[in-house]
Amino acid sequence: MAPRSVEEKAMEAATSRNPLTSSGSAAPYGIQVVENCVDCGARQKTLFCRMSAETMREMNMIRQTALYPQGAVLFVEGETPRGLFILCSGEAKLTAGSQQGESIILRLAESGELLGLSSLIAGSPYAATAETLTPAQVAFIPARKFQRFLRSHPDVALRVAEHLSMELHKSWEQARLLALAPSTRSKLAQLLLEWAAEHGTVDEEGVAVPFHMTHEEIGRIIGASRETVSRLLSDFRRRRLIRVKGGLVHLVPEELRAAAL
């Protein structure tokens with residue numbers, strides 16, 4: 001493994017995980033705790049949780065909730081599903097590994113997403129390992145309770161179908177990124193542009209994108225080494241295609257798309 005330059009170390013430090021903090025909350029890990037599903041402010045913005053208040057009250061009665069630090073493993077690839085995990089806040093990654101010890105990040109999950117849904121519905125072992133990328137609040141519904149809940153609520157079945165469709169779409173996008181991008185440079189640029197479109201906020205410098213991932217983790221998404229990711233990010237910065245400031249990466253999508261693809 002090649003030694004990292006001072007510039008690469010500085011770049012990785014600026015774009016590495018940035019745990020949530022909150023000076024106004026006494027909850028562990030600085031998480032703003034969601035006490036119940038009905039009063040959750042993000043409920044109408046998330047795919048699965050856009051259900052009637054009565055349905056949400058019933059789901060609130062069968063869920064268990066816990067707070068997790070960054071890096072907590074929720075379930076492991078090959079494990080028999082115990083129930084459904086709902087990411088109430090924070091971010092998580094889903095990874096799959098090989099017998100040789102290599103792994104790839106299949107997708108990133110954000111607040112409101114379900115983890116382990118397809119395996120639970122199919123009755124098959126988890127196809128991936130789920131690990132928190134940031135401190136997170138996670139709700140858990142045991143398998144039998146969720147199955148009974150699903151059978152008695154058609155609106156829940158509809159949300160489950162929509163969520164499975166979303167997972168399939170993200171899998172297609174990941175496959176297209178890995179298979180069709182002409183170079184690793186292009187893969188990284190497309191990944192940054194995708195994050196900007198999904199999670200970026202517009203400011204005076206373009207679009208600000210939060211980074212909660214290390215260079216090694218980014219490499220496991222696009223099929224590249226940490227060294228390659230560090231080198232390409234440093235090159236993007238030297239060419240002023242991206243700017244790193246305060247744990248955020250700033251970019252102008254049109255400039256990055258034109259210069260790096």
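Predicted model: local features only at pLDDT ≥ 70, side-chain atom pairs only at ≥ 80, totals over all residues.

User: Which side chain meets that of Glu113 in a salt bridge?
Analyst: A salt bridge requires a side-chain nitrogen of Lys or Arg within 4 Å of a carboxyl oxygen of Asp or Glu. For Glu113 the N to O distance is 3.1 Å, and the partner is Lys170.

User: How many residues apart in sequence are the parts that this pair ties together?
Analyst: Glu113 belongs to the loop between strand 5 and strand 6 (114-115), whereas Lys170 belongs to helix 5. The pair therefore ties together parts whose separation in sequence is 57 residues.

User: Which residue forms a salt bridge with Arg107, and how far apart are the closest N and O atoms?
Analyst: The pair links distant parts of the chain, with Arg107 in strand 5 (residues 103-109) and its partner in helix 5 (residues 154-180), 60 residues apart. Both Arg107 and Glu167 are buried. The partner of Arg107 is Glu167, and the closest N and O atoms are 3.4 Å apart.

User: Which residues are linked with Arg107 in a network of salt bridges?
Analyst: Arg107 forms a salt bridge with Glu167, and Glu113 forms one with Lys170. The network joins Arg107 to Glu113, Glu167 and Lys170.

User: Which residues gather with Arg148 in a patch of positive charge on the surface?
Analyst: Arg148 is part of helix 4 (residues 143-152). Its relative accessibility is 48%, so Arg148 counts as partly exposed. The residues that gather with Arg148 in the patch are Arg144, Lys145 and Arg151.

User: What distance does helix 6 reach from its first C-alpha to its last?
Analyst: Helix 6 (residues 184-199) has 16 residues, for which 22 Å is expected at 1.5 Å a residue. Its buried residues include Leu188, Leu192 and Trp195. The reach of helix 6 is close to the expected value, at 22 Å.

User: How many salt bridges does the structure hold?
Analyst: Side chains of opposite charge can pair when their charged atoms come close. The number of salt bridges in the structure is 12.

Methods. Residues numbered from 1 in each chain as written. Heavy atoms only, no water. Helix = DSSP H or I, 4+ residues; strand = E, 2+ residues; numbered from the N terminus. Expected span 1.5 Å × (residues − 1). Buried < 20%, exposed > 50% of the residue type's maximum accessible area, 1.4 Å probe, protein only. Patch = residues over 30% accessible without salt bridge, like charges linked within 9 Å, V, L, I, M, F, W, Y side chains within 5 Å. Areas by Shrake-Rupley, 256 points an atom, 1.4 Å probe, with all protein chains shown as cover. Lys, Arg positive; Asp, Glu negative; His and termini not counted. Charge placed at Lys NZ, Arg CZ, Asp CG, Glu CD.
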